Amino acid sequence: MTAGSEARAHPGRRRGVSVDAFKAILAKDLRVELRTLQSVPAMALFAITTFVLFRYGLDRTTLSGSLAAGVLLATVLFAAILAINRLFVAERDEGGFDAIRLAPVDGTALGVAKAGALMVYLLVLEAITLPVFAIFFLDSWSGLPALAGVLALTDVGLAALGALVSVIAANSRARDLLVPLVLLPLLVPVMIAAGNAAEPLLAAQGPDYGGIGKWLGFLALYDMTFIAVGFAVYDFLLED
Amino acid sequence: MKVPSLRVTSIAAVLCLSAGFALVFFYAPLDVDQGFIQKIFYLHVPLAICSLAGFVIAAIHAIRHLRTGDPVHDVRSYVSIHLSVIFGVGVLLTGSIWAHASWGKWWVWDEPTLVSFLIVFLLYVTYYPLRYAIEDRDRQARYASVFAITAGAFVPLNFIAVRMAQSLVHPRVFATANGGLPGSMLFTFLVCLLGMALLWTCLVRFELAAKSASAKLSRLRRALEGETYAAPSGSRIAPGIVSRAPSALS
């Protein structure tokens with residue numbers, strides 16, 4: 001008996017089946033990424049090139065405060081867009097959408113697994129680029145552990161919204177054009193909150209943890225809202 | 001509940017708006033600080049409130065569309081966003097005029113209300129490329145609804161984020177601790193707000209009526225001319241209401 005027919009025969013087991021499907025799709029995506037190395041190396045290379053550009057463009061040897069936060073977050077954001085553009089390309093071109101629907105796996109499992117994969121890509125990206133950023137621009141590294149925490153919360157929002165917009169774009173004519181167009185305005189609040197949280201951590205006179213609580217709270221609220229929206233709408237996005 | 005006819009809504013909107021503007025010019029007192037230019041408040045703020053409320057209404061219609069699958073709700077969601085975007089242009093223009101007169105600049109970047117409205121406006125403008133980039137009509141309707149819901153959840157969060165980030169220069173006419181608006185100004189404002197809400201409703205209903213009329217027309221034409229007739233270009237939205245024209249003909 002396949003997982004799908006079991007789910008139909010026993011509706012109570014559906015949840016367990018969805019969790020299994022989520023794990024299977026996430027594992028598949030990560031394995032594909034490990035074997036093809038399509039997204040993460042490109043993102044890391046892009047991020048490092050952007051840091052070089054900023055280093056020469058701004059003509060500074062060190063950055064601090066809001067400028068440092070802006071350089072880091074803008075770079076992460078644009079690198080994330082590279083991955084978001086590619087997130088559903090394989091499913092669309094190789095018939096993955098049909099195969100997953102025929103399995104049958106519900107849309108939520110697919111969407112959440114894709115968001116999970118994107119989250120993993122972003123964490124790996126930051127594990128690579130954060131030290132590079134510190135070497136390029138920072139005098140003091142003491143704020144980095146807290147900064148990694150801020151970035152992790154930012155990644156949840158990026159992943160939740162990125163996967164959502166990526167499904168829409170993958171099924172449209174405009175594709176790569178639509179992702180930045182729709183996603184950037186949606187991510188402005190995330191960037192404002194993450195920027196304000198990162199700014200005191202990168203201050204020239206050493207990190208200050210005083211005012212970041214409210215921004216972390218806002219990031220958490222934003223993340224939860226769009227995770228909830230994702231759960232509510234993925235089934236409709238992946239219906240046919 | 002019986003919905004008033006389109007004619008009644010239109011007349012009510014015209015009367016209420018005229019009364020509102022008459023009150024603005026002949027009844028409401030001049031502002032002590034800003035003088036005459038403050039009167040644009042009675043146009044600017046109702047426009048902004050109606051525009052944002054329209055986005056929320058669009059999200060509610062979108063939820064109903066996804067729950068029921070009825071294309072009527074998708075058209076309502078589309079028309080709500082459409083008119084709210086048009087109202088949004090009005091908000092940005094009147095806001096700029098006011099800003100120029102009162103602060104000396106057309107646009108102030110460190111002002112949260114302006115920036116957050118601009119972000120919301122830019123997000124909703126992407127509704128059109130998103131919608132028309134999807135060819136399959138059922139899918140177009142579903143994806144547009146998903147967008148309307150996501151953006152509807154985004155609107156309040158965006159306002160919180162931008163407001164948390166910046167200082168308050170934009171007048172907070174209702175939130176000031178010592179009284180806020182005097183009674184005569186508040187009354188005038190409420191009449192203008194009601195008029196603007198009626199105008200929004202009435203324009204939405206006009207557009208919906210136009211869409212369903214053009215659907216009926218094309219259905220009649222098809223019946224008359226047989227299947228050789230190609231659907232008019234105005235029927236891109238909502239196949240369920242506007243027309244069920246076979247796509248091979250258009």
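This is a predicted model: local features need pLDDT of at least 70, side-chain atom pairs count only at pLDDT 80 or more; totals for chains, interfaces and linings use all residues.
The axes of helix α8 (residues 144-170) of chain A and helix α9 (residues 178-201) of chain A come within 10 Å. They cross at roughly 170 degrees. α8(A) and α9(A) are therefore roughly antiparallel to each other. On the α8(A) side, the contact is made by Ala146(A), Leu147(A), Val150(A), Thr154(A), Gly157(A), Leu158(A), Leu161(A), Gly162(A), Val165(A) and Ala169(A). The residues they meet in α9(A) include Leu178(A), Val182(A), Leu186(A), Val190(A), Met191(A), Ala194(A) and Leu201(A). By class, the contact of α8(A) with α9(A) has 19 nonpolar residues and 3 polar ones. No charged residue takes part in this contact. An α-helix has 3.6 residues a turn, so residues three or four places apart point the same way.

Several loops of chain A carry backbone features of note. Most residues other than glycine have a negative phi, and most peptide bonds are trans. Leu37(A) is not a glycine, yet its phi is positive, at about 50 degrees. Leu37(A) lies in the loop between α2 (14-36) and α3 (40-58) of chain A. Asp59(A), also a residue other than glycine, has a positive phi near 55 degrees. The loop that holds Asp59(A) runs between α3 and α4 (65-86) of chain A. With a relative accessibility of 67%, Asp59(A) counts as exposed. A cis peptide bond joins Ala103(A) and Pro104(A). Its omega is about -15 degrees. Pro104(A) is placed in the loop between α6 (96-102) and α7 (107-137) of chain A.

Chain B contains 7 helices and 0 strands. From the N terminus on, its elements run α-α-α-α-α-α-α. Of its 250 residues, 49% count as buried. Among contacts in chain B between residues at least 6 apart in sequence, 75% join residues at least 24 apart.

Helix α7 (residues 183-225) of chain B has 43 residues. At 1.5 Å a residue, α7(B) should span 63 Å. The C-alpha atoms at its ends are 62 Å apart, which agrees. Just after α7(B), Gly226(B) takes a positive phi of about 75 degrees.

Asp74(B) is found in helix α3 (residues 71-103) of chain B. Its relative accessible area is 1%, and the residue is buried. Leaving aside residues up to four places away in sequence, Asp74(B) touches His65(B), Arg131(B), Ala141(B), Ala144(B) and Ser145(B).

The cysteines were then considered. The structure holds 0 disulfides over all chains. A disulfide needs a pair of cysteine sulfur atoms within 2.5 Å. For Cys50(B), the closest cysteine sulfur belongs to Cys16(B). The two sulfurs are 11 Å apart, too far for a bond. Cys50(B) counts as buried, at 6% relative accessibility. Cys192(B) is likewise in no disulfide. Its nearest cysteine sulfur, also that of Cys16(B), is 8.1 Å away. Cys192(B) counts as buried as well, at 1% relative accessibility.

Conventions: Residues are numbered from 1 along each chain as its sequence is written. Chains are lettered from A and ligands numbered from 1 in the order in which they are written. Side-chain values use heavy atoms; hydrogens and water are left out. Axes are lines fitted to C-alpha atoms, for helices over the stretch in contact, and angles run from 0 to 180 degrees between N-to-C directions. Helices (H or I, at least four residues) and strands (E, at least two) are DSSP runs, numbered from the N terminus. Angles under 35 degrees count as roughly parallel, over 145 as roughly antiparallel, 65 to 115 as roughly perpendicular and the rest as oblique. Contact means heavy atoms within 4.5 Å. Ala, Val, Leu, Ile, Met, Phe, Trp, Tyr, Cys and Pro count as nonpolar, Asp, Glu, Lys and Arg as charged, and the others, Gly among them, as polar. Buried means under 20% relative accessible area, exposed over 50%, partly exposed in between (1.4 Å probe, protein chains only). The expected span of a helix is 1.5 Å times one less than its number of residues.
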